Amino acid sequence: MRNVMYMSLLLGASLAASPALGQQPSTPPGPPAYGEQINIEQAKKAAAAAVVEARKINTFMAISVVSPSGDLVYFEKMDNTQFASINIAIHKARAAATFRRPTASFEERVAAGGAGITLLTLDGIIASPGGNPILLDGKLIGAIGVSGGTGAQDHQVSLVGVGALK
């Protein structure tokens, strides 16, 4: 009986290990590495492109550009933008920078329910589109946050801001 159990354990262990033999472990791509902090000229260029896009879609928006640490580098509020959008735009930019991912990803995880809702317990999270990291040469240099329209409009305008630095 002892031999049968020993052979069963050996066979089970070899079957469990066999698919892994000869395979490289797959490592998911992590968040982008940090680069040089965004400078004021780059921040103004991103914000200016966002303002042009906001005007094109006929919305009034607040635009925030932050460093990788989430510190404010540049802010612009279009005339007639709702005052609530000021802090929301800054919050979106900070979350995109410090978590190194678009704020739309938080919205998707929270909307899925289940474990995704636990995101709401983390400091600094905002589950609303419109915050996007700004990458230069694949490295995070800052982020932009936009508020004032619908979530889709905020996201669209922020992506135009990001694209202005490519």
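Colleague: What covers the buried residues of helix 4?

Modeller: This is a predicted model. In it, the cover of helix 4's buried residues includes helix 3 (84-98), strand 3 (131-136) and helix 5. The buried residues themselves are Thr103, Ala104, Ser105, Phe106 and Val110.

Colleague: Why is Phe106 called buried?

Modeller: Buried means under 20% relative accessible area. Phe106 has 2%, so Phe106 is buried.

Colleague: And what makes Phe99 partly exposed?

Modeller: The partly exposed class lies between buried, under 20%, and exposed, over 50%. Phe99 comes to 22%, so Phe99 falls in that class.

Colleague: How many aromatic pairs are there?

Modeller: The count is one aromatic pair. Phe99 and Phe106 form an edge-to-face pair.

Colleague: How do you know that Phe99 and Phe106 are a pair, and why is the pair called edge-to-face?

Modeller: Take the distance, then the angle. Ring centres must lie within 6.5 Å, and these are 5.5 Å apart. Planes over 60 degrees apart count as edge-to-face. These planes are at 80 degrees, so the pair is edge-to-face.

Colleague: Which residues of helix 3 are buried?

Modeller: They are Ser85, Ala89, Ile90, Lys92, Ala93, Ala95, Ala96 and Ala97. They pack against strand 1, strand 2 (72-77), helix 4, strand 3, strand 4 and helix 5.

Colleague: Is Arg100 buried, exposed or partly exposed, and why?

Modeller: Its relative accessible area is 23%. Buried needs under 20% and exposed needs over 50%, so Arg100 is partly exposed.

Colleague: Where is Asn80, and what is its phi?

Modeller: Asn80 sits in the loop between strand 2 and helix 3. Its phi is near 75 degrees, which is positive in a residue other than glycine.

Colleague: Why is Asn80 called exposed?

Modeller: Exposed means over 50%. Asn80 has 61%, so Asn80 is exposed.

Colleague: Which residue with a positive phi follows helix 4?

Modeller: That is Gly113, with phi near 75 degrees.

Colleague: Now the core. Which members of the largest nonpolar core touch the most other members?

Modeller: Ile38, Met61, Ile63, Ile134 and Ile144 do, in a core of 18 residues. Helix 2 (40-56), strand 1 (62-66), strand 4 (139-147) and helix 5 (151-163) each give two or more residues to this core. Helix 2 gives the most, with six residues.

Colleague: What does Ile63 contact, beyond its neighbours within four places in sequence?

Modeller: Its contacts include Ala47, Ala50, Val51, Tyr74, Phe75, Ala89 and Ile144.

Colleague: Which residues are in the second core?

Modeller: The second core is separate and has six residues, including Ala95, Phe106, Leu119 and Ile126.

Colleague: How many helices and strands does the protein chain have?

Modeller: There are five helices and four strands. Their order along the sequence is α-α-β-β-α-α-β-β-α. Of the chain's 166 residues, 37% count as buried.

Definitions and conventions. Residues are numbered from 1 along each chain as its sequence is written. This is a predicted model: local features need pLDDT of at least 70, side-chain atom pairs count only at pLDDT 80 or more; totals for chains, interfaces and linings use all residues. Side-chain values use heavy atoms; hydrogens and water are left out. A nonpolar core is a set of buried Ala, Val, Leu, Ile, Met, Phe, Trp, Tyr and Cys residues joined through side-chain atoms within 4.5 Å. Buried means under 20% relative accessible area, exposed over 50%, partly exposed in between (1.4 Å probe, protein chains only). Contact means heavy atoms within 4.5 Å. Rings of Phe, Tyr and Trp (its six-membered ring) pair if their centres lie within 6.5 Å; planes under 30 degrees apart count as stacked, over 60 as edge-to-face and the rest as tilted.
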